[in-house]
Amino acid sequence: MSDLQNTDQPQRPGVVVTGASGRMGQMLIRLILDSDHLRLVGALDRAGHDWIGQDIGTAMGGAPAGVTVSDDAVTAIAQAQAVIDFTSPDATVAFAELTAQARAVHVIGTTGLEQRHLDALAAAARHAPIIRAGNMSLGVNLLVGLTRKVAAALGTDWDIEVVESHHRHKVDAPSGTALMLGEAAAQGRGAALDDLRVPVRDGITGARAPGSIGFSAIRGGDVVGEHDVIFAADGERIVLRHLATDRAIFARGAIRAAVWGQDKGPGQYDMMDVLGLQG
Ligand SMILES: NC(=O)C1=CN([C@@H]2O[C@H](COP(=O)(O)OP(=O)(O)OC[C@H]3O[C@@H](n4cnc5c(N)ncnc54)[C@H](O)[C@@H]3O)[C@@H](O)[C@H]2O)C=CC1
Ligand SMILES: O=C(O)C1=N[C@H](C(=O)O)C[C@H](O)C1
């Protein structure tokens, strides 16, 4: 029997990419088409999008990929072992229900989720694994651990501020990454972020409350994503910084998560689990 006929070869898990025409969707599709670990079996976008019915490779300006962009999430997800999803919060909840029904791994990069979205994801995760992170890059997930440690080491005479910059198209603020960093800082101080968070300052705000964690968001141009965690005391400052210059870092993390999740049971996981950075 030749290698080509060898039926013992394990097949690469089939992945559906949602938001296929988006900034992250296109990056993911490029990397998956080149991947030895996953095979692209579906590309979804919203009903009415120009790309529906076109080959995804051709729509992206390249060679045909043999996968047609569809708005039929039910059919596409039913044949998937993994769904990688960087879309919008409402769309992500709808995809989570279908992915759970298919008992497939749902990798979620979508940010801006509110409590009602998180509740729906928790329900879906009772049936299949969900891996979600506001930032899928190795660098940011390392920075989360560092932020927790630095916050734990410093007292509340060190003020904590999270500053983030993103491209002009970003619709949510603070960024998912900024919230991850703020949560890590709060955890380091043994508190919940909701109890310390100062979201926006405008007007006569009064002096800074000791122990609070502030957030500032800059939007402009084509900035991929920049995050500073500033620890400011009298006479000195520590700045922990991550600069993203290429969306491939997020897509590579998501692909790694989809592969990692293949032998995991139902439940909610994050990139710390995938990267083995817990603890
Ligand atoms: N966790 C991470 O590492 C990262 C997260 N993100 C997040 O990913 C999300 C998407 O970001 P971008 O790709 O920059 O946005 P984008 O606006 O370029 O793409 C979103 C895509 O989702 C599609 N979409 C919207 N509703 C849909 C539906 N119901 N069904 C199918 N497709 C639908 C849109 O047509 C579009 O193609 C944002 O929430 C962003 O914050 C972005 C980069 C990294
Ligand atoms: O919308 C983006 O672009 C990004 N979103 C994520 C976030 O909200 O933190 C991750 C990254 O910063 C890019």
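Predicted model: local features only at pLDDT ≥ 70, side-chain atom pairs only at ≥ 80, totals over all residues.
Let me start with helix α1, residues 23–33, which gives the most to the shell around ligand 1, with three residues.

First, a word on confidence. The protein chain averages a pLDDT of 96, and 96% of the residues score at least 70. The exception I want to flag is residues 1–5, where the pLDDT is below 50; that stretch has one contact in the model beyond near neighbours in sequence. For the complex, the predictor gives an ipTM of 0.99 and a pTM of 0.96.

Back to ligand 1. Which residues come nearest to ligand 1, out of the 25 around it? They are Gly19, Gly22, Met24, Ala91 and Gly109. Sorted by class, the shell around ligand 1 has 15 polar, seven nonpolar and three charged residues.

Met24 belongs to α1, and in that helix it is buried, as are Gly25, Gln26, Met27, Leu28, Ile29 and Ile32. What covers these buried residues of α1? The cover includes the strands β1 (14–18), β2 (39–44) and β4 (82–85), together with the helices α2 (56–59) and α9.

Seven strands form an open sheet in the order β3-β2-β1-β4-β5-β6-β12, with parallel pairing. At the edges are β3, residues 69–70, and β12, each of which pairs on one side only. As background, strands of a sheet pair through backbone hydrogen bonds, either parallel or antiparallel. For one pair in detail, take β5, residues 105–108, and β6, residues 129–132: they run parallel and are joined by three bridges. His106 has Ile130 in β6 as its bridge partner.

Next, a single residue, Gly261. Gly261 sits in the loop between α9 (248–260) and β12 (267–269). Is Gly261 buried or exposed? Gly261 counts as buried because 24 other C-beta atoms lie within 10 Å, and the cut-off for buried is 20 or more. Leaving aside neighbours within four places in sequence, Gly261 is in contact with Ala82, Val105, Val107, Pro129, Ile131 and Tyr269. To give a sense of distance, Thr205 is 56 residues from Gly261 in sequence, and the two are 45 Å apart in space, C-alpha to C-alpha.

On to the domains. The protein chain is divided into domain 1, which is 9–132 + 248–275, and domain 2, which is 138–244. Their C-alpha centres lie 29 Å apart. Where they meet, seven residues of domain 1 are in contact with seven residues of domain 2. On the domain 1 side, α9 and α10 (271–275) each supply at least two residues. The largest share of that side comes from α10, with three residues. How does the side of domain 1 that touches domain 2 divide by class? It has four nonpolar, three polar and no charged residues.

Last, ligand 2. The residues surrounding ligand 2 are Thr111, Gly134, Asn135, His166, Lys170, Ser175, Gly176, Thr177 and Gly225. By class, that shell has eight polar residues, one charged and no nonpolar.

That is what I have on this model.

How values were computed: Residues numbered from 1 in each chain as written. Chains lettered and ligands numbered in written order. Helix = DSSP H or I, 4+ residues; strand = E, 2+ residues; numbered from the N terminus. Buried ≥ 20, exposed ≤ 12 C-beta atoms within 10 Å, placed from the backbone. Contact = placed C-beta atoms within 7 Å. pLDDT = per-residue confidence, 0-100. Domains from an automatic or database assignment. Nonpolar A, V, L, I, M, F, W, Y, C, P; charged D, E, K, R; others polar. Near = placed C-beta within 6 Å. Pairing = 2+ DSSP bridges.
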